[in-house]
Amino acid sequence: MLSVAPARRFSSADIGWDLSEHYLARRRSQGPVRAAQAPERVQVSVVKIKEIVARVEDLRVAFLPEQAVVQATVVEQIFFVGPDGIVRERVASTPFSHRLSVPGLDPGRIARGEQVFDVTADVAFVLAHLIDEARVKDKIVVSLSWTLTERTPGAVVESGQEQVLVVAVKEFPVIVISPVEIRVFQVITRQLLLVERKPLEAIKIKKAEARVEGVAVEALPGRVIVSGRVRKQIEFVGPDGIVRGVEEELPFSEAVAVPGLQPGQAFEVGAAVEFLVTELDAVRGVLTQKIVLVVRFFAPGELVTVIGDVRGPGIVTERVLVRTNGVEVFVVTDVRGPGVKDVVKRTVFVDVVDDGDPNPVPLTVVVDLRVDP
């Protein structure tokens, strides 16, 4: 089905002239044209063309001796049916140019207002052919009607009608969303409190730092024996006012409950110092140290389908390389662009490639999205 707007008219009498050249100022179109909109998140965009509403915009003319060069743009509102049966709209513009033979036309007399040239343009019909799911070929016939009139005595000198065939291929943007399946890690977090008291002749603790080294684990049914050592570096002020330092190791071994854990099950363990608190009793010469360790158990968890890539006109993605089941794949952490809506994200624990951390880390990834006009 074809719908056409009223004809577009151009008259040299309506425009002010710049006598340095024989070109008319560009006319404004009648109302805004809606921008092109992206289709649904499917590889096949168009199943059927339902309707085309066409009109001529931006009509302008350049004059030569006994010739008028008409330039304009055909604007089409294309209503199409997607594979989901929903009717959507895309706006497309096709510029064209046509040279009219106008006997007696004099650019100088046009500029002085002694002659008036009028032309109207409208769309006679449009033939649309669906080449494939992403391309439509249009054959647009534009009718041009023109008159050349003398100011004195005002009679019509010349008039005529011509039809212009405008052929164009419209490409519909195809959004390709590529999902990927990754195995995420099940994470169980536990805190361990280590307390150590030792004699220390000091009046002040200046600095205390600690880190975990040499972590080892032993899996038992339902629990894990975690062992290792905490290396501490303590700077203090002695009774003589001199700052001294001491480095110590505090071994630890704790049984941590991990429900459902079976002997032989694959897992990883990461441990870090969450904070260290020192309490100095200068009178008794005793230093109490309280160390809180955070221990995380990473076991292979469920398979999760996430978005690995989104490709299409104007689509911008942010991706991170992760390691899953022995292979490296990209996952999308953010996506934006024309028509991108309802982005769903989820935070999972994954092994990020080259992040400097040997343990799985939390990463927020895109698991679903919708692309719609």
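1. Leaving out residues up to four places away in sequence, V102 touches E66, Q67, A68, F117, W146 and L148. Contact here is heavy atoms within 4.5 Å.

2. A note on the basis. This is a predicted model, where local features need pLDDT of at least 70, side-chain atom pairs count only at pLDDT 80 or more, and totals for chains, interfaces and linings use all residues. Numbering runs from 1 along each chain as its sequence is written, and side-chain values use heavy atoms, with hydrogens and water left out.

3. V102 belongs to the largest nonpolar core, which has 33 residues. A68, L100, V102, F117 and V142 have the most contacts inside it. At least two residues of this core come from each of β3 (48-64), β4 (67-81), β5 (87-101), β6 (115-132), β7 (135-150) and β8 (156-171). Another core, of 16 residues, lies apart from it; I188, L192, L250 and V269 are among its members. A nonpolar core is a set of buried Ala, Val, Leu, Ile, Met, Phe, Trp, Tyr and Cys residues joined through side-chain atoms within 4.5 Å. Buried means under 20% relative accessible area, exposed over 50%, partly exposed in between (1.4 Å probe, protein chains only). In soluble globular proteins, nonpolar side chains tend to be buried together.

4. Next, a sheet. Three strands form an open sheet, ordered β10-β11-β12, with antiparallel pairing. β10 (204-220) and β12 (243-257) are the edge strands, and each pairs on one side only. From one strand to the next, the twist averages 15 degrees (axes are lines fitted to C-alpha atoms; angles run from 0 to 180 degrees between N-to-C directions). β10 and β11 (residues 223-237) pair over 14 bridges. Two strands pair if DSSP finds at least two bridges between them. Strands are DSSP runs (E, at least two residues) and helices are runs of H or I, at least four residues, numbered from the N terminus.

5. Where does L363 sit? L363 is in strand β18 (residues 361-371). L363 is buried, at 15% relative accessible area. Beyond four places in sequence, its contacts are V320, V322, V331, T333, R346, T347, V348, V350 and V352. T333 is 30 residues from L363 in sequence, yet their C-alpha atoms are 8.0 Å apart.

6. Chain totals. The protein chain has one helix and 18 strands. Of its 373 residues, 41% count as buried. Among contacts between residues at least 6 apart in sequence, 67% join residues at least 24 apart.
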